[in-house]
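Please look over the chain shown here.

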Amino acid sequence: SSTKKAAKSPEAANVHARIRATILSVPHGKVATYGSVAKAAGYPRGSRLVARVLGKTAGLPWQRILGSGGAIKIPGEGGMEQRFRLLRIGLAQKSDA
């Protein structure tokens, strides 16, 4: 059994690159949903893929990507950190926290 991680196919790498580029295109001070990012990247049913890319890629503005209806979907401390970051830039209400 090999302990090496399987290399991504060129197609998978392209999908991830398109999703990363779409996430990076969300303007500072704005938010987007997992679904809207997936649709804009060309994968209208790929909201879970967006979450996976966010979880595996350092340096993306993860705090600006929300669940449907603007819900924070990250559980526990990660969700609290997301609320804090959104409050800090005026994109959340204290009642949301």
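The points below go from the whole chain to single residues.

This is a predicted model, in which local features need pLDDT of at least 70 and side-chain atom pairs count only at pLDDT 80 or more, while totals for chains, interfaces and linings use all residues. Residues are numbered from 1 along each chain as its sequence is written, and side-chain values use heavy atoms, with hydrogens and water left out.

**Overall fold**

- The protein chain has 4 helices and 2 strands. Helices (H or I, at least four residues) and strands (E, at least two) are DSSP runs, numbered from the N terminus.
- Along the sequence, the elements follow the pattern α-β-α-α-β-α.
- Of the 97 residues, 28% count as buried. Buried means under 20% relative accessible area, exposed means over 50%, and partly exposed is in between (1.4 Å probe, protein chains only).
- Contacts are heavy atoms within 4.5 Å. Among those between residues at least 6 apart in sequence, 47% join residues at least 24 apart.
- The accessible surface is about 6,700 Å², and carbon and sulfur atoms hold 53% of that area. Accessible areas come from the Shrake-Rupley method with a 1.4 Å probe; for residues, only the protein chains shown count as cover.

**Packing of H1 and H3**

- The axes of helix H1 (10-24) and helix H3 (residues 47-56) come within 10 Å and cross at roughly 80°. Axes are lines fitted to C-alpha atoms, for helices over the stretch in contact, and angles run from 0 to 180 degrees between N-to-C directions.
- H1 and H3 are therefore roughly perpendicular. Angles under 35 degrees count as roughly parallel, over 145 as roughly antiparallel, 65 to 115 as roughly perpendicular and the rest as oblique.
- On the H1 side, Val15, His16, Ile19, Arg20 and Ile23 take part. They meet Leu49, Val50, Val53 and Leu54 of H3.

**Buried residues**

- Leucine 86 lies in helix H4 (residues 76-88). Its relative accessible area is 2%, so leucine 86 is buried.
- Beyond its neighbours within four places in sequence, leucine 86 is in contact with Val31, Gln63, Leu66, Ile72, Leu91 and Ala92.
- The C-alpha atoms of leucine 86 and glycine 29 are 8.9 Å apart, although 57 residues separate the two along the chain.
- Glutamine 63 sits in the loop between H3 and strand S2 (65-66). At 14% relative accessible area, glutamine 63 is buried.
- Leaving out neighbours within four places, glutamine 63 is in contact with Gln82, Arg85 and Leu86.
- Threonine 22, in helix H1, is buried at 13% relative accessible area. With neighbours within four places set aside, its contacts are Val37, Ala40 and Ala41.

**Salt bridge**

- The structure holds 1 salt bridge, a side-chain nitrogen of Lys or Arg within 4 Å of a carboxyl oxygen of Asp or Glu.
- Glutamate 81 pairs with arginine 85, with the closest N and O atoms 2.7 Å apart.
- The two partners are 4 residues apart in helix H4, so about one helical turn separates glutamate 81 and arginine 85.
- Glutamate 81 is partly exposed at 31% relative accessibility. Arginine 85 is partly exposed too, at 27%.

**Nonpolar surface patch**

- Val31, Ile89 and Leu91 make a nonpolar surface patch of about 200 Å². Patches are made of residues with over 30% relative accessible area and no salt bridge: like charges are joined within 9 Å, nonpolar side chains (Val, Leu, Ile, Met, Phe, Trp, Tyr) within 5 Å.
- Valine 31 is in the loop between H1 and strand S1 (32-33). At 38% relative accessibility, valine 31 counts as partly exposed.
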